[in-house]
Amino acid sequence: MHVGTLSRCSCYPTRVFSSLRCIHLPRNVPTLSTTRSTWCNGQHHMTRASNSISLKSLRCLNTSAISWNSPQLSSSLSQHPEYTPKMSLLIDPTTQANYLQIASENIDFDWTLDFKEEIISGSATHTLLVKEDGVNEIVLDTQALDISKVTLEGSPDPLNFKIGANHPVMGSPLHISLPSSPKVGSKVKVTIFYKTSKNATALQWLAKEQTQGGTFPFLFSQCQPIYARSLAPIADSPSVKITYTASVKSVLPALLSAIRVSPPSDGPAHDGKEIGKDVVTYTYKQPVPIPSYLIAIASGDLRYKPFPPVPGKTWKTGIWAEPALIEAAYWEFSEDTGKFLAKEEEIVPPYRFGVYDLLVLPPSFPYGGMENACLSFLTPTLLAGDRTLVDVVVHELTHSWFGNGVTHANASHFWLNEGFTTYMERVLQQKLHSPAARGFSCLIGYKGLLDDLKLYQDRPKYQRLVIDFETGEDPDDAYNQVPYEKGSNFLLYLEKQLGGLDVFLPYINDYVNTFMGKSITTFQWKDHIYEYFRKNGGDEKIKILDSVDFNAWFYGEGLELPVTPEYDTTLATQAYALAKRWSDSRSSDLSQLDFKFDDLNDFNSNQIIVFLEKLEEYDPLPTTHITYLGDLYKVSSTPNAEIRLRFYENALRDVKSEAAKVYAVEAAKWVVGEDESGVVKGRMKFCRPIFRAIKAVDSDLAKSTFLKHKLSFHPIAQRLIEKDLGLA
Ligand SMILES: [Zn+2]
């Protein structure tokens, strides 16, 4: 942990409270470590000067003066000696909204989609709860929105508003003046009329050529982590949960992360009207409070096919895709989705969202999946034709509890979403298949973690599980496998220490029950696990917890985990042996090799992945051998992107080799869809490492390929690839 010093009121505007001494923190201190006595001696109080946060609310962190959405926070703060006094760990560092003073409870969206202009226009009506007396304005986040008017329910005149200066990451705060200060506990209803812009980070408008069908354009959103503000004016923080309704006029079927009210999903497509021409109004309702990053919209030539109902369950599942993909998509996921959801309910409380649908997006979708409420978005690269990549669905539906139910309070605690989800995804593998399947999934994840820890060696802060973001720091800069894999390994370690799944799963259930519907910090999580095991196990379990080096897990940097994990490697043994045989063969002439296509006969695609990943642990194979391997096993031409990626990673490792030169060109064609597939590999899991690998071999090739095809990638992917390639 970095150790810094406290500086007193020197770099921020000074605020002096009559009865309190304040310490202001310099913005550039990476992490402050302070002793408990400094922090909790009852005299020193820390605050952050920011026009968006109620200083009054924060005047003393270790008293009950704080009015977060969690009452436990204030007490937990004073109990932990390791707390860093960095406000970003507690208050969302990526929003400018005054959500601690006044926060939305419900939003009614009224939108019209304009595919020609590529904008959404309409209004957002916020019903807000007043949390503090004396509030005279509402501050919301916006990014590149064109706001025309704001009205207040019950008031004849429009409200005054102004848009603050643009922050490159956080966007522009929208300040709405209230005519009078409403009382604590009262509700305020304002309607904001606006339209989005072409620069909306959350939205990707695809030309018809970029879709499978090639006939109609397509729109989809990606609001996580902080892009909802480019779709609507909103307090864009996971600490604020809202219900919403939406009325969307569109010439193409429109989907939202909510329950369809009308027309029915399983009725005729586009309500029987002409697709692409007639305007249909789609109405939706999301009755469960969700964070802003789960608001989502997609619109295109989409069809629905319900999955078979699961006996005894009231929730419904089904799939949306373009007509050309609907049958393949249905086949890939119909067998498992309901089964997964039902299995999950054996461990955690019942599914709360009523509907769990999947949507297969066009190839530029930057992620494997996105757990938008009621409607997980999926990359088409999951349509492997053999149901081997359905794990992503397990992951996304698991978010219904971890993330969509129990939510991280802000980006610093993102691991509570992804670590828990990844951990539970693998528990489900064990329940559905075998302990070996769980271990195998851990192994694949661990390799990804080690790669990312290496990648972030020059930014060790992002190797941490709990990151103390600066105000306005871009959470996407930290987007890597650490919250997923370090987080899930931490939970796996705790499970093993505390007595295995039989002991740990009841704890998980209690965790979900305790925090369902809330947004929490790592510190609340830690308090709860202690509390639970104090009640369920007593001294013995508390002693075990006391022996855990929580700080090393939370704030540890470097290439290793605090404790090296051990997994069930049953399913990996054959793959490991084959990798070793190839490595041992390096000095033999090709004519003497006895490898056969049949070597992979018994392997499923995950085992082929593990074989190729294991190969990366040895020195790179000579050009002759890697070329032979690629041809023999057809991994240099496979349509399975997961396998193809690993092959290219091997082939490009020895950057000066002939193989690297040849395969860099092939990889460049593959990633932009100039190969036999014709499909861009827009999923960041594929395009980012491939562009980085090509750059190491031939920087000009990487840059020119990307720049020529930049618009085929999602705006989020564009930005991150630009950073990877040194173009930004
Ligand atoms: Zn996830």
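Where does Pro263 lie?

1. Pro263 is found in the loop between β14 (259–262) and β15 (280–291). Helices (H or I, at least four residues) and strands (E, at least two) are DSSP runs, numbered from the N terminus. The peptide bond that leads from Ser262 to Pro263 is cis, and its omega is near -15 degrees. A further cis peptide bond joins Gln224 and Pro225, with omega about -5 degrees. Pro225 belongs to the loop between β11 (218–221) and β12 (241–250). As background, most peptide bonds are trans.

2. On the basis of the model: it is predicted, so that local features need pLDDT of at least 70 and side-chain atom pairs count only at pLDDT 80 or more, while totals for chains, interfaces and linings use all residues. Residue numbers start from 1 along each chain as its sequence is written.

3. The protein chain has 20 helices and 23 strands. Of its 728 residues, 49% are buried. A residue is buried if 20 or more other C-beta atoms lie within 10 Å of its own, exposed if 12 or fewer, and partly exposed in between, with C-beta atoms placed from the backbone. Two residues are in contact if their C-beta atoms, placed from the backbone, lie within 7 Å. Among contacts in the protein chain between residues at least 6 apart in sequence, 72% join residues at least 24 apart.

4. Leu90 and Asn410 are 320 residues apart in sequence, yet 7.6 Å separates them in space, C-alpha to C-alpha. Leu90 sits in the loop between α2 (72–77) and β3 (102–114).

5. His270 is not a glycine but has a positive phi of about 55 degrees, and it lies in the loop between β14 and β15. His270 counts as buried because it has 23 C-beta neighbours inside 10 Å. Arg387, also not a glycine, has a positive phi of about 60 degrees; its place is in the loop between β21 (375–378) and α5 (391–398). With 14 C-beta neighbours inside 10 Å, Arg387 counts as partly exposed. Most residues other than glycine have a negative phi.

6. The largest nonpolar core has 194 residues. Such a core is a set of buried Ala, Val, Leu, Ile, Met, Phe, Trp, Tyr and Cys residues joined through C-beta atoms within 7 Å. Those with the most contacts inside it are Leu359, Leu652, Ala667, Ile690 and Ile694. Leaving aside residues up to four places away in sequence, Ile690 touches Leu645, Tyr648, Ala667 and Val671.

7. Which residues of helix α19 (residues 699–709) are buried? They are Ala702, Thr705 and Phe706. These cover an arc of only 95 degrees around the axis, which puts them on the same side of α19; the arc is that of the directions from the helix axis to the C-beta atoms. On the other side of α19, Asp700, Ser704, Leu707 and Lys708 are exposed. The cover over the buried residues of α19 includes α17 (658–671), α18 (684–697) and α20 (715–724).
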